[in-house]
Amino acid sequence: MGRGRVQLKRIENKISRQVTFSKRRTGLLKKAHEISVLCDADVALIVFSTKGKLFEYSTHSSMDAILERYERYSYAEKLLTAPEAETHGNWTLESSKLRTKIEVLEKNIRHYVGEDLEPLNLRELQSIEQQLDSALKRVRTKKNQVMHVSISELHKKERVLQEQNNALSKKLKENEKSNEQLNAGFPLSHRQVAPPPPPPPPTQTPHLVPLAIGRPFYGGSVIRQDDSARAHTISAGMMPPWLLRHINE
């Protein structure tokens, strides 16, 4: 005999309800994967348990792309079917779209930092791992490029500084060489040396002429004839007339 039709209603037993949820969830994910592979369809499956845990499945295209595609299609369909909808309804739809995107982004961020990984299956974990590996490769490539550019700039600065140092050293050597040649080309006798100061003029001791009145001077030194005559003349010029007359007499 065939199995009877099972009446669909809420399972009251908590343990039985949890076991049934696990089995049906696994079968549902399996069916979603089969239809995506057999029919080459884009499938996105989202399941929340009674405890609030998220279970999802998506094809090779990411869940974000499928949800965005669904939102665009749903929004365009609503505009075609109800062009006379009010602006308030449009804003409500836009706000719901933005909230959905924010939730998806927040969930992805938590997954990328290693949080809320319990509800993910092996395929989803592998997808996150591949995304992180790809991002890490791009970061390392960019880091290597920046380091290469920085090292090239430092080498260029080093070459410029080395060239300046060589130029200064060459100029210093040329100056030293020119100074040596200048000193070698002018001997000591031809150098411009300041002449010594002239000797001071000799001091002449004033000649004391003895005063001779009527007779030659005999004070212990011999008086020459010219000195005697000059002394007589000077004495005659300096004597008063009455004394001169007395001497001549």
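**A first look at this model**

Let's start with the aromatic rings: the count comes to one aromatic pair. Keep in mind that this is a predicted model. The protein averages a pLDDT of 76, and 65% of the residues score at least 70.

- Among the elements, helix H1 (residues 14-38) has the highest mean pLDDT, at 91.
- At the other end is helix H5 (residues 225-238), with the lowest mean pLDDT, 50.
- Over residues 216-225, pLDDT stays under 50, and the model has four contacts there beyond four places in sequence.
- Where pLDDT is low, the predicted coordinates should not be read in detail.

- Strands S1 (44-48) and S2 (54-58) run antiparallel and are joined by five bridges.
- Together they make a hairpin with five residues between them.
- Have a look at Gly52 in the turn, which has a positive phi of about 90 degrees.
- S2 is largely enclosed by the rest of the structure, because four of its five residues are buried.

**The core**
- Seven residues make up the largest nonpolar core: Leu29, Ala32, Val43, Leu45, Val47, Phe55 and Tyr57.
- H1, S1 and S2 each give two or more residues to this core.
- Nonpolar side chains tend to be buried together in soluble globular proteins.

- Tyr57 in S2 is the bridge partner of Leu45.
- Tyr57 also touches residues including Leu29, His33, Met63, Arg123 and Glu124.
- Phe55 has the charged end of Arg25 sitting over its ring, 4.2 Å from the centre.

Notes. Residues numbered from 1 in each chain as written. Predicted model: local features only at pLDDT ≥ 70, side-chain atom pairs only at ≥ 80, totals over all residues. Heavy atoms only, no water. Phe/Tyr/Trp six-rings, centres within 6.5 Å; stacked < 30°, edge-to-face > 60°. Lys NZ or Arg CZ within 6 Å of the ring centre and 35° of its normal. pLDDT = per-residue confidence, 0-100. Contact = heavy atoms within 4.5 Å. Core = buried A, V, L, I, M, F, W, Y, C linked by side-chain atoms within 4.5 Å. Buried < 20%, exposed > 50% of the residue type's maximum accessible area, 1.4 Å probe, protein only. Pairing = 2+ DSSP bridges.
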